[in-house]
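Let's take a walk through this one together. Have the fold open beside you as you read.

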Amino acid sequence: MYYWVDTVMKIPLSLHVDAHSPIPIRRQLTEQLKHVIESGGLPEKQTLPSIRELAGFLGINPNTVARVIEDLKRSGYVEARRGSGVFVTSAPPVRPSPTLRERFLHDVVMRAAALGMSADDLAVRVLSLGGVPPTAIDGAVEVLLVECSPAELDFFAAQLQAHFPIRVDKVLLGEAAMVTRRRAQAGRWRAAVTSFCHLPEVEHVLKGKGVPVIPLLAEAHLETLHSLARLPAGTRVAVASDAMETAHSLVHSIANAALPNIALLGSCPTERAALSRLLRRVDVIVCSSAGTERVRELGSSGVQVIIDDRALDQRAIQMLAVHLVQQNGGETTAKRPNAQKRRSGQRRPRQSASRAAGRNK
């Protein structure tokens with residue numbers, strides 16, 4: 001906590017940054033200063049503490065503070081005067097109802113706490129739901145992905161990289177033992193991910209290698225379930241896919257929805273003979289975009305096609321996000337030779353230099 005009092009105006013300024021939060025320190029400090037200015041905590045034309053002073057008392061990199069000041073300048077909150085310092089502008093922006101926003105956030109945090117969620121859990125979940133990758137995750141993070149088919153590898157890799165700034169090392173399940181023996185150097189993979197059905201096999205392969213395995217679940221899109229729920233009672237439904245793993249996942253997801261109006265008849269690959277037999281028994285076929293043309297070539301006019309390309313379950317995204325954020329900056333100082341050591345006069349609890357460098361981005 002930094003509690004600063006201007007020697008001339010006698011104005012207190014209370015600031016706090018959390019090095020273990022999934023929200024980057026730069027964003028934390030920027031939003032706090034904006035709030036202080038908007039709420040009148042720093043009046044117009046009031047000088048701000050120097051970059052060196054803020055960095056020293058908060059125990060963060062001066063470059064981070066300098067970027068915060070630049071963010072505030074671009075947003076119109078402060079202005080720099082040569083030789084005099086940084087001042088609050090004469091007409092800083094005012095976002096709608098700071099008091100109402102503060103009450104809203106307080107209410108959300110309290111409700112989350114009542115459900116057993118920490119502030120960090122809430123932050124990661126909000127970022128995930130908003131489609132924004134948690135920026136506290138180091139862009140150099142590498143995750144091992146193990147699946148049973150190239151189609152599944154491509155699907156899960158695309159989904160993961162859409163949510164997180166990570167590199168995905170794709171390995172087929174049948175080659176996992178050989179590949180992990182050759183590549184599993186200490187610290188290379190922050191985590192391994194696979195679908196639930198392969199979890200025991202992947203855990204066995206990685207046993208003793210220090211790589212946690214996180215199961216992922218890909219589900220049918222909500223729009224698909226809505227379409228199925230509107231079908232007449234007794235509608236016969238099946239699933240087809242180029243990869244049987246994909247078909248089984250879709251069947252599992254639809255079955256979990258427990259729709260009373262449909263009869264789920266299973267799945268098959270989009271191979272011509274098997275697909276032709278299945279189409280004679282169903283009213284509706286659910287398949288991915290890749291298999292749509294093959295299904296339509298064989299399907300009669302009476303068979304309805306519902307396209308579903310699946311999406312990662314939000315709980316799986318949350319689980320992986322929390323793990324990656326918690327592990328961020330876990331490398332040793334030796335792996336980051338440019339990391340700066342904390343100065344002895346800084347007040348925050350001691351932590352690795354790599355963690356401080358990662359958080360100050």
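**A buried aspartate and a helix pair**

The side chain of Asp-169 makes a polar contact with the side chain of Trp-189, at 3.2 Å (an N or O pair within 3.5 Å; within protein, one atom must be able to donate a hydrogen and the other to accept it, and sequence neighbours count only if both atoms are side-chain atoms). Asp-169 sits in strand S6, residues 167-172, and has a relative accessible area of 10%. That makes Asp-169 buried, because buried means under 20% relative accessible area (1.4 Å probe, protein chains only).

A word on the ground rules: this is a predicted model, where local features need pLDDT of at least 70 and side-chain atom pairs pLDDT 80 or more, while totals for chains, interfaces and linings use all residues. Residues are numbered from 1 along each chain as its sequence is written, and side-chain values use heavy atoms, without hydrogens or water.

Zooming out, the protein has 14 helices and 14 strands, taken as DSSP runs numbered from the N terminus (H or I, at least four residues, for helices; E, at least two, for strands). Of its 361 residues, 45% count as buried.

Now look at H1 (residues 25-38) and H3 (residues 62-74): they pack at about 45°, with axes 9 Å apart. Axes here are lines fitted to C-alpha atoms over the stretch in contact, with angles running from 0 to 180 degrees between N-to-C directions. From H1, Leu-29 and Leu-33 are among the residues meeting H3, whose side includes Val-65, Val-68 and Leu-72; contact means heavy atoms within 4.5 Å.

Definitions and conventions
Buried < 20%, exposed > 50% of the residue type's maximum accessible area, 1.4 Å probe, protein only.
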